[in-house]
Amino acid sequence: SGDPARAPQGFGKVSRKAPPAFDPQRDLEAACAFFNEHGYAVLSGCLDAGELKHLNEFCDRTQAERPEAWGLAARRKPHHRNQGLIYSQPLLDYPELDRYTRHPRSFPVVSQLLGGEDRARFAEFNFRETPEGAGVGTMNFHHDAVVADRLIRTPYMPCDWLCAIHYLTDVEPGTPAFCVVPGSNRFDTLAEAFAALGNDYREVPLYGAA
């Protein structure tokens, strides 16, 4: 019920088929081809065990050292409401994270999708967490900062903005996950995508190992 244009979490047409996961070192071209067609791609094994340990320990350490940066203090910032914990732009204070901005496994895919390494410009780095027992939270469907001509330009690629998400823990059905709507990059709202894509409209939750 209600206005479909205001539906924050989609229309319930959830894909039951998991998308393929590409090894970025072996399948770079295949990953980019999939992205070109669908507007997203899932990469496997981007972070090794040591890197995962380092990043998870970083989360634990900084939540204890700087709870206000994570939204754990008494006064919560607007971007912490309904979206779990968010630590935005830790690169400003922790140079130990610099090596992850151009990671040797994922960055080659990123740079190719942007049209070459010289086209890559860094915009944002943050950590997000849904703590155990936090209950149900939501994030509205949205596009990050993109150029307005995405709606009409031909050819569409290379893209002008790319969000690279790395899971630091296993994400399975029943746990919080990011979700994408293939083909929605040509529309301003999810309702417009739903109306125009018809039977091709689907919501694809992205599950995967850390």
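Reader: Is His38 buried or exposed, and what is its relative accessible area?
Author: The model is a predicted one, and His38 is found in its helix α1. A residue counts as buried under 20% relative accessible area. His38 is therefore buried, with a relative accessible area of 19%.

Reader: Which residues does His38 touch, not counting residues up to four places away in sequence?
Author: Residues up to four places away in sequence are not counted here. With those set aside, His38 touches Pro182, Gly183 and Arg202.

Reader: Why do the buried residues of α1 line one face of the helix?
Author: Helix α1 covers residues 28–38, and Leu28, Ala31, Cys32, Phe34, Phe35 and His38 are buried in it. On the other side of α1, Glu29 and Glu37 are exposed. The buried residues line one face because, seen down the axis of α1, they fall within an arc of 160°.

Reader: Against which elements do the buried residues of α1 pack?
Author: Just after α1, Gly39 takes a positive phi of about 85°. As for packing, the buried residues of the helix lie against β1, β2 (42–43) and α4 (107–113).

Reader: What is the geometry of the aromatic pair of Phe34 and Tyr40?
Author: The structure holds 11 aromatic pairs. In the pair of Phe34 and Tyr40, the rings are 5.5 Å apart centre to centre, with 85° between the planes. Phe34 is buried at a relative accessible area of 15%, and Tyr40 is buried at 8%. Planes over 60 degrees apart count as edge-to-face, and the pair of Phe34 and Tyr40 is edge-to-face.

Reader: Which residues do ring pairs link into a cluster?
Author: Phe125 and Phe127 form an edge-to-face pair, 5.6 Å centre to centre and with 70° between the planes. Both Phe125 and Phe127 are buried. The cluster linked by ring pairs consists of Phe58, Trp70, Tyr87, Tyr94, Phe125 and Phe127.

Reader: Which element gives the most to the largest nonpolar core?
Author: The largest nonpolar core has 16 residues, and those with the most contacts inside it are Leu55, Tyr87, Leu97, Phe127 and Leu168. At least two residues of this core come from each of α2 (49–65), α3 (67–70) and β3 (85–88). With four residues, the element that gives the most to this core is α2.

Reader: How many residues are in the other core, which lies apart from the largest one?
Author: In the largest core, Leu97 is one of the residues with the most contacts. Not counting residues up to four places away in sequence, Leu97 touches His54, Leu55, Phe58, Pro90, Leu91, Phe125 and Phe127. Apart from this core lies another, with Cys32, Val109, Leu114 and Ala120 among its members, and its number of residues is 11.

Reader: What is the relative accessibility of Arg186, and where does this residue lie?
Author: Arg186 touches Arg150, Leu151, Ile152, Arg153, Thr154 and Tyr156, not counting residues up to four places away in sequence. Its place is in the loop between β5 (179–180) and α5 (190–197). Arg186 counts as partly exposed, and its relative accessibility is 27%.

Reader: How far is the charged end of Arg153 from the centre of the ring of Tyr156?
Author: Arg153 and Tyr156 are among the residues that Arg186 touches. The charged end of Arg153 sits over the ring of Tyr156, and its distance from the ring centre is 4.4 Å.

Reader: What is the phi of Gln89?
Author: Gln89 lies in the loop between β3 and α4. Gln89 is partly exposed, with a relative accessible area of 29%. Its phi is positive, in a residue other than glycine, and the value is near 55°.

Key
Residues are numbered from 1 along each chain as its sequence is written. This is a predicted model: local features need pLDDT of at least 70, side-chain atom pairs count only at pLDDT 80 or more; totals for chains, interfaces and linings use all residues. Side-chain values use heavy atoms; hydrogens and water are left out. A nonpolar core is a set of buried Ala, Val, Leu, Ile, Met, Phe, Trp, Tyr and Cys residues joined through side-chain atoms within 4.5 Å. Buried means under 20% relative accessible area, exposed over 50%, partly exposed in between (1.4 Å probe, protein chains only). Contact means heavy atoms within 4.5 Å. The arc is that of the directions from the helix axis to the C-beta atoms. Rings of Phe, Tyr and Trp (its six-membered ring) pair if their centres lie within 6.5 Å; planes under 30 degrees apart count as stacked, over 60 as edge-to-face and the rest as tilted. A charge sits over a ring if NZ of Lys or CZ of Arg is within 6 Å of the ring centre and within 35 degrees of the ring normal.
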